[in-house]
Amino acid sequence: MCTVVVRVDPGAEWPVTVLALRDESPERPWDPPAAWWPDRDPTLRGVRDRSAGGAWLAASDRAGLAVVLNRSEPVAAPDGTWTTRGVLPLDAVADGVLPNDAARPTTRGFNLVRATAEGATVVTWDGTEVRTTPLGPGVHMVTHGEPDDPAAPRVDRWLGAFRAVDAPTGPPELGPFDELRAADAGDDTGDGWSGWFGLLAESAALPSDHPDAILRDAQEAEGHVATLSIVAAAIGPDRTVLQHARLTEPGRLDGSVELHRA
């Protein structure tokens with residue numbers, strides 16, 4: 001179950017900033033952000049799932065960013081087959097197409113965080129209906145349930161803390177792991193991300209299978225799930241900046257990482 005923190009400030013130079021952590025089976029192969037879909041849109045880049053060909057997160061300078069999170073409700077497929085949720089970020093960013101009720105019967109439950117220079121929304125499919133929740137000005141947190149829902153343990157424990165610290169107002173200058181090292185040492189990197197990464201470093205003190213843990217390595221309903229990577233992003237009117245780090249030890253910050261800028 002992934003975690004996304006979103007700051008929305010419609011009048012700012014960079015109206016939306018995002019911190020996204022991807023939780024997935026460590027056995028499922030994937031690739032870091034790059035232009036993996038040139039036939040569809042040469043400017044489209046994202047974190048590619050090799051198994052199904054879709055994306056956990058997709059972005060472009062023109063169209064902002066989209067990231068998909070699994071929801072917790074079971075959804076039954078009428079014929080026992082499934083459409084990968086990885087098409088959702090690609091459709092949103094490449095074509096401006098968001099999910100609707102007619103397209104959902106063969107898709108498991110999801111939250112799709114959609115961010116552009118105009119703001120951010122969460123499109124939800126819970127097996128009953130597709131609905132859209134606007135994210136107003138301020139800081140929000142999305143996991144496997146409703147946006148900002150205190151019924152989700154991570155949201156209940158950490159949303160207030162993310163709202164209490166200074167939020168990033170522009171692109172990260174350092175990669176996520178360098179931000180984390182600095183925050184853990186009590187240093188301010190000067191790019192506005194130290195507050196959020198400081199909380200992420202603080203959260204790492206929890207056991208990775210604790211219900212409140214943001215960095216996870218646990219047996220969930222869908223099997224073994226661990227935090228595999230971190231994305232820090234800023235969305236402006238004509239540019240989207242991503243910094244991505246792959247955790248070589250899933251669910252842990254004290255291992256090495258592979259850093260990518262996209």
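This is a predicted model: local features need pLDDT of at least 70, side-chain atom pairs count only at pLDDT 80 or more; totals for chains, interfaces and linings use all residues.
Residues are numbered from 1 along each chain as its sequence is written, and side-chain values use heavy atoms, leaving out hydrogens and water. Helices (H or I, at least four residues) and strands (E, at least two) are DSSP runs numbered from the N terminus.

**Strand β13 and its partner**

- A hairpin of four residues takes the chain from β12 to β13, and Ala 234 stands opposite Val 241 in β13.
- Strand β13 (residues 240–247) is mostly covered, with eight of its eight residues buried; buried means under 20% relative accessible area, exposed over 50%, and partly exposed in between (1.4 Å probe, protein chains only).
- In a regular strand the side chains alternate between the two faces of the sheet.
- In β13, Thr 240, Leu 242, His 244 and Arg 246 point one way, while Val 241, Gln 243, Ala 245 and Leu 247 point the other way.
- Arg 246 also has its charged end over the ring of Trp 30, 3.9 Å from the centre; the rule asks for NZ of Lys or CZ of Arg within 6 Å of the ring centre and within 35 degrees of the ring normal.

**Helix α4 and the aromatics**

- Helix α4 (residues 194–203) is largely enclosed by the rest of the structure, because seven of its 10 residues are buried; among them are Trp 196, Phe 197 and Leu 200.
- Rings of Phe, Tyr and Trp (its six-membered ring) pair if their centres lie within 6.5 Å, with planes under 30 degrees apart called stacked, over 60 edge-to-face and the rest tilted. That rule gives three aromatic pairs.
- Phe 162 and Trp 196 are edge-to-face, because their planes sit at 80°, with the centres 6.0 Å apart.
- Phe 162 is in helix α2 (residues 153–164) and Trp 196 in helix α4, so this pair ties together parts 34 residues apart in sequence. Both Phe 162 and Trp 196 are buried.
- Trp 193 and Phe 197 make a tilted pair, at 5.9 Å centre to centre and 50° between the planes. Trp 193 is buried at 0% relative accessible area, and Phe 197 is buried at 0% as well.
- Phe 162, Trp 193, Trp 196 and Phe 197 form one aromatic cluster.

**Salt bridges**

- The count is 18 salt bridges, each being a side-chain nitrogen of Lys or Arg within 4 Å of a carboxyl oxygen of Asp or Glu.
- Asp 31 bridges to Arg 50, with the closest N and O atoms 2.8 Å apart. Asp 31 is in strand β3 (residues 30–34) and Arg 50 in the loop between β4 (45–49) and β5 (55–60), so the pair ties together parts 19 residues apart in sequence.
- Arg 71 bridges to Glu 146, again with 2.8 Å between the closest N and O atoms. Arg 71 is buried at 6%, whereas Glu 146 is partly exposed at 23%.
- Asp 212 and Arg 157 meet at 3.1 Å, N to O, linking the loop between α4 and β11 (217–220) to helix α2, 55 residues apart. Asp 212 is buried at 16%, while Arg 157 is partly exposed at 40%.
- Salt bridges that share partners join Arg 71, Glu 73, Asp 126, Arg 131 and Glu 146 into one network.

How values were computed:
Two strands pair if DSSP finds at least two bridges between them.
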